[in-house]
Amino acid sequence: GLAAADVVHAGIVSNPSLSYSLLQLGRGANTGAASTHQITLEQPLLLFGQRKKRLEAARAGQSAAQADLAAR
């Protein structure tokens with residue numbers, strides 16, 4: 001069961017992350033905006049066949065676990 005879960009986990013895409021930050025001028029001369037807002041959205045991308053290799057490794061681990069179970 002755990003080896004099958006590894007195969008599923010290898011095939012999914014990671015969740016994006018969203019962050020927000022606020023920078024406010026505390027003191028001193030205002031040379032621009034008194035506050036700055038920043039929103040960042042990040043999405044990890046698997047490049048150059050990384051997802052395929054992760055799936056292949058997980059399937060190989062699943063096959064090894066099944067062979068080990070059959071040998072027992």
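Colleague: Before we turn to this predicted model, which residues can count toward a surface patch at all?
Modeller: A patch is made of residues that have no salt bridge, and nonpolar side chains are joined within 5 Å. The cut-off on relative accessible area for these residues is over 30%.

Colleague: Which strand gives the most to the nonpolar patch?
Modeller: The patch, of about 600 Å², is made by L18, Y20, L22, I39 and L41, and the elements giving two or more residues to it are β1 (17-24) and β2 (35-42). With three residues, the element that gives the most is β1.

Colleague: Is L41 buried or exposed?
Modeller: L41 has its place in strand β2. Exposed means over 50% relative accessible area; because its relative accessibility is 63%, L41 counts as exposed.

Colleague: Which residue is the bridge partner of Y20 in β2?
Modeller: Strands β1 and β2 pair in the antiparallel sense, over eight bridges. Among the residues of β2, the bridge partner of Y20 is I39.

Colleague: How many of the eight residues of β1 are buried?
Modeller: Buried means under 20% relative accessible area. Strand β1 lies largely in the open, because the number of its eight residues that are buried is zero.

Colleague: Against which element do the buried residues of α1 pack?
Modeller: In helix α1 (residues 2-11), the buried residues are A3, V7, A10 and G11; they lie on the same side of α1 because they cover an arc of only 95° around the axis. On the other side of α1, L2, V8 and H9 are exposed. The buried residues pack against α2 (50-71).

Methods:
Residues are numbered from 1 along each chain as its sequence is written. This is a predicted model: local features need pLDDT of at least 70, side-chain atom pairs count only at pLDDT 80 or more; totals for chains, interfaces and linings use all residues. Side-chain values use heavy atoms; hydrogens and water are left out. Patches are made of residues with over 30% relative accessible area and no salt bridge: like charges are joined within 9 Å, nonpolar side chains (Val, Leu, Ile, Met, Phe, Trp, Tyr) within 5 Å. Accessible areas come from the Shrake-Rupley method with a 1.4 Å probe; for residues, only the protein chains shown count as cover. A salt bridge is a side-chain nitrogen of Lys or Arg within 4 Å of a carboxyl oxygen of Asp or Glu. Helices (H or I, at least four residues) and strands (E, at least two) are DSSP runs, numbered from the N terminus. Buried means under 20% relative accessible area, exposed over 50%, partly exposed in between (1.4 Å probe, protein chains only). The arc is that of the directions from the helix axis to the C-beta atoms. Contact means heavy atoms within 4.5 Å. Two strands pair if DSSP finds at least two bridges between them.
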